[in-house]
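Visitor: Please take me through this model, one part at a time.

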Amino acid sequence: MKKSITIIALLLIAVTGIFVFSYQYRNQKIENQTSDISMSFRTTEKEEEAQAAESNGQKQLLVEDRKNDYQLYYDGKKVTIVHGENKREFESWSYSVKCETPKIFCRDYDGDGEKELLIKIVNGKQEKKDKDGKTKYTYALYMFKPVTQRTGEKTFSSIAASTDTWKVPFDEAIKCEMTQLKECKKFLQFTMDDIEEEISYNEKTGITDNEHVGYARALADVKNKYYTLKSWNKGAGIYNLNEKNGDITLDIQVLANYEETADTQYIGDIHCNMNILNGSFTIVPKTIVFRANADYKVNDPRDSAKSKWSCEISNASKNTNFVSTDIDWIETELSLSNTASKNTQYFETLPSKIKCVDTVKFTQSSVVFTAKKGYTFSKNMADAGIFSVLFNYGEKNEMNIAYTCSVKYDKNGSTLTINFDKTYDKEDFDKVFIKFGV
């Protein structure tokens, strides 16, 4: 297979959707410039200290690494980097240090046996306001290496992380596609592969046959109706610096747009590690993975139940304690881990109108509530989309697996059905929390 950029390795861990690739591309000299890449949104104001330095013209120590003998000073007009006799000044950084103290880390980033200085600093005057009106800054990454010029001046050479650091090699080497599953619009499917590989899909389900894939939850309206995917694109490349070990990471934003709304959804990131090679920030091989944002995480739809199963719990309680016959409020926690296929429990001590339910039946694809005689489930609550089924709720891996909800009335009574987004094994329901209505 021919490639414009050599692919060294592809590796997938299916559950996490890890995508691996390696490439080489010609050396690019990155000039000393400020990156236009967003990095993080932490804000620590340093305006009082900076203004004090500016008023008296004294040199102020901003940050230092005593072990490796690096210091950053500010005199109110310019920032000076110092390492022994090596010095370099930056008048353009005055605004940046007034906003936030730079972060630094020393490590041998380019493998030459000598430690370099990496600086994370507020990027020019590109701050924005978040939805609460608070300032959020973008950041730049620079690496500085002590050098002695021919004139004998001891200064620093530098390179900066920029859009071209990731965009050109990534776009030339990697094909990306986002689709929406046919049988369940809840799932957005993000697939990556070598630029010359074809990405194929199951005609019925829309699930890709490609192994390098990750999933995220689509945007929904207030009634829990999922929107139809219209288009997608890559957003900013977000660089960051791990201040404990000096690792550099890059998260490329993945954005989704829909037919029913003008809102753009930031569903997650193409995450990878970065290093410095041949005088440039480069993507580390075997580190690319799609990560859904915490609010949009979903289970992998390719992992289906191993077999059909059912578990029915009957309510042995006679007393409901509710005068109203309308079941518009269910909040209950159940566990199926040690529950027989048919068993009896007492619901009268449980909160909410679960007391008015006669049976609760779980299967691999849904949970069905049957009301006691004389009681009916609220169709208004179902139509309003007020329902959820949480896996292992209260844990970090909490997941809402509900997809659709319906209420039916017939000669046998009233039933409430909540369908899951895919099929699950009984063992998955070690702990489940179900909510319906207000």
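**Strands, cores and one serine**

Guide: Let us begin with a hairpin, in which six residues join β11 to β12. A strand here is a DSSP run of E with at least two residues, numbered from the N terminus. This is a predicted model, so local features need pLDDT of at least 70 and side-chain atom pairs pLDDT 80 or more, while totals for chains, interfaces and linings use all residues. Residues are numbered from 1 along each chain as its sequence is written, and side-chain values use heavy atoms, without hydrogens and water.

Visitor: How many bridges join β11 to β12?

Guide: Seven bridges join them, and the two strands run antiparallel. Strands count as paired if DSSP finds at least two bridges between them.

Visitor: And what stands opposite Gln180?

Guide: Leu188, a residue of β12, stands opposite Gln180.

Visitor: Is β11 mostly covered or mostly open?

Guide: Strand β11, residues 174-180, is mostly covered, with five of its seven residues buried. Buried means under 20% relative accessible area, exposed over 50%, and partly exposed in between (1.4 Å probe, protein chains only).

Visitor: Now the open sheet: what is the order of its strands?

Guide: The four strands follow the order β5-β6-β9-β10, and their pairing is antiparallel.

Visitor: Which residue partners Lys145?

Guide: Its bridge partner is Ser157 in β10. Strand β9 (residues 139-148) pairs with β10 in the antiparallel sense over seven bridges.

Visitor: Changing topic, which residues touch the most other members of the largest nonpolar core?

Guide: They are Phe170, Met192 and Phe281, in a core of 49 residues. Strand β15 (residues 248-258) gives the most to this core, namely six residues. A nonpolar core is a set of buried Ala, Val, Leu, Ile, Met, Phe, Trp, Tyr and Cys residues joined through side-chain atoms within 4.5 Å. A second, separate core has 36 residues, including Ile327, Val357, Val367 and Phe429.

Visitor: Last one: where does Ser406 lie?

Guide: Ser406 is part of strand β28, residues 402-410. Ser406 counts as partly exposed because its relative accessibility is 28%.

Visitor: How many residues along the chain separate Ser406 from Ile418?

Guide: They are 12 residues apart along the chain, and their C-alpha atoms are separated by 6.7 Å.
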